[in-house]
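Grab your viewer and let's work through some ring geometry together. Try each task before you read its solution.

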Amino acid sequence: MLLSFIADSLSCKHVGEDVEITSMNDLSHASAGQLSFAEHKKYTTDLQNSKASAFLIPENLIEALPKNSSYIVCENVSISMAYATKLFAPRKIDFKAPDPLRGEGTYIDERANIEDGVIIGKNSTIMAGVYLGSHVYIGDNTTIYPNAVVYRDCVVGNDCIIHGGTVIGADGFGFSHTQAGEHIKIYQNGNVVIEDDVEIGANCAIDRAMFGSTIIKKGVKLDNFIHIGHNCEIGEYSLFVAQSGVGGSTKLGRNCVVSGQSAFTDHLNIAPFSTFTARSGITKSIKEPRGVWSGYPLMPHKEWMKLQSKIAKLTKE
Amino acid sequence: MDIKEIAKIIGIEYNGTSFEVTGINTLQDASANEISFVTNPKYFKDLEESKAGAIIVNQASAASVSSNSIALIVDEPYLMMAILSKYFSSPIEDENAPKAIMGEGTKLSQKAEIANGAIIGKNCTIMAGVYIGSECVIGDNTILYPNVVVYRDCKIGSDCIIHANTTIGSDGFGFATNKMGQHTKIYQNGNVVIEDDVEIGSSTTIDRAVFKTTLIKKGVRIDNLVQIGHNCEIGEYSVLVSQTGLAGSSKLGRNVVMGGQSATSGHLEVASFNTFAARSGITKSIKENGGTYAGFPLMDHKIWLKLQAKLARLIK
């Protein structure tokens with residue numbers, strides 16, 4: 001759609017060439033044909049390096065734009081951005097997609113619902129009550145247990161096991177907030193990609209990305225009741241025990257071990273081979289690999305043991 | 001059901017006048033054709049003002065029952081209420097109800113199941129595997145993603161989005177435990193009401209009220225894997241982040257924010273505009289607006305930060 005159309009729907013004016021826009025993305029990932037946005041001066045460098053074709057910006061960032069940029073000036077960038085994402089949201093079901101394809105030896109229960117545009121590889125098993133949305137791709141030898149749901153455009157690799165009731169690709173929890181305290185939906189137009197040999201327990205929730213993908217890498221094993229926020233990346237062979245959770249955009253390196261009821265806040269980077277004992281609360285990035293951590297606030301496991309013995313003594317005083 | 005029959009079920013003799021009992025309710029809300037009960041001494045004060053037709057009480061509190069109500073005196077009032085609750089529960093599905101009604105422009109998957117008596121508004125999207133129970137009412141432009149389950153009698157407003165595998169209106173966790181330690185089910189005969197413009201994530205559970213309603217007000221946003229107990233009330237525009245839990249009968253004011261994995265215990269009230277950091281454990285009511293809290297036991301967020309600094313010094 002044309003930039004002028006987007007500007008009109010936001011009741012704003014566009015400046016510069018009326019370029020064709022195909023989708024939205026953040027400053028650092030945007031490419032030609034995409035619309036991006038910046039709200040604060042701290043993004044000046046990202047703005048200048050961005051490859052986006054157009055920007056939503058406040059008036060005070062006009063000077064920070066690369067030369068000859070097309071842009072829309074908004075009073076409140078985060079609210080305008082939220083409204084703009086709605087323009088790019090695909091239909092919930094793509095009725096124009098081709099018939100679904102299934103590989104040799106794949107079993108699909110009659111009571112599963114497979115939308116058009118789905119592709120399923122060989123020797124996979126899709127059980128009753130499963131829903132696979134438009135354009136979902138499922139690899140070979142993958143089993144999807146009853147009532148699991150995969151939203152449109154998501155990808156599940158080969159040799160995966162997805163247990164009952166798990167939801168892959170529901171909307172990430174993203175809203176812009178008005179001054180009156182209302183929450184405007186940011187449409188989550190990305191997807192989830194699950195690589196090969198991943199096992200996911202029952203009733204897990206893995207949210208789709210706002211832009212780009214939420215990625216669960218090869219060989220990851222998730223227990224039951226695990227929440228993975230939008231745009232997360234879980235490194236190869238990482239393990240998650242039941243009821244743990246990861247806030248949006250957090251990235252874990254390979255072979256992390258996350259014990260029961262542990263949780264990460266958003267936008268963290270966790271070094272590979274990190275281990276977290278049960279109930280760890282991780283609020284800062286971890287740069288050193290191979291650490292063993294505990295507690296909330298988080299500390300090295302050895303310190304946590306010391307602290308617990310001191311606290312035990314405190315109760316005797 | 002006649003009061004005489006009720007007396008028979010709970011094993012007492014009743015020789016007074018007959019009247020038809022339509023349901024069970026709390027002391028405060030029961031009308032003259034409903035029965036109520038009391039076990040917790042905290043509620044003895046409500047006995048006098050209750051308009052209930054009859055009240056199940058033990059010997060100790062029988063004297064406090066006003067002349068408006070008949071006292072049904074038993075050893076274990078709570079257990080008897082639980083036994084009676086079964087007689088007032090609705091059938092799981094109502095085959096005699098009229099066929100479901102659907103508004104113009106609503107798209108219904110052939111693999112969804114809509115029970116008789118349900119009413120769905122205009123331009124809704126009801127995807128595969130969804131179940132909508134008897135007498136449910138759904139507004140306009142609402143989206144139910146695959147395998148969402150809405151139990152009977154629940155109401156969902158307009159412009160709502162409910163993500164996959166979320167269950168609305170399953171039974172609240174309520175049991176009466178007898179002297180042997182066995183648990184008798186208290187049938188949850190209330191419902192859930194979700195107002196307009198509410199978004200609920202995937203695999204979240206919102207339990208139906210034991211009496212009356214579990215209420216989610218306008219503009220609320222609920223993330224994935226959240227548990228909301230029976231008879232809770234969530235104020236307008238509140239935000240509940242993933243894996244949060246609310247025990248029964250807790251009430252949040254408007255624009256309350258609960259961080260991930262935070263939780264409340266039951267029967268408490270939280271004022272408006274309060275924010276709780278991740279993993280907060282709320283065990284007492286909060287009367288002041290606009291605070292920021294953390295920790296378990298809960299404390300002011302600034303004090304929590306100080307405490308953590310002191311704890312860090314302990315190990316040095």
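This is a predicted model: local features need pLDDT of at least 70, side-chain atom pairs count only at pLDDT 80 or more; totals for chains, interfaces and linings use all residues.

Residues are numbered from 1 along each chain as its sequence is written, chains are lettered from A and ligands numbered from 1 in the order written, and side-chain values use heavy atoms, leaving out hydrogens and water.

**Exercise 1.** Classify the ring pair Tyr296(A) and Trp304(B).

Start with the rule: rings of Phe, Tyr and Trp (its six-membered ring) pair if their centres lie within 6.5 Å; planes under 30 degrees apart are stacked, over 60 edge-to-face, the rest tilted. Here the centres are 5.4 Å apart and the planes at 45°, so the pair is tilted. Over all chains, the structure holds 9 aromatic pairs.

**Exercise 2.** Work out whether Tyr296(A) and Trp304(B) are buried or partly exposed.

Buried means under 20% relative accessible area, exposed over 50%, partly exposed in between (1.4 Å probe, protein chains only). Tyr296(A) comes in at 25%, so call it partly exposed. Trp304(B), at 10%, is buried.

**Exercise 3.** Find which charged end sits over the ring of Tyr296(A).

The test: NZ of Lys or CZ of Arg within 6 Å of the ring centre and within 35 degrees of the ring normal.
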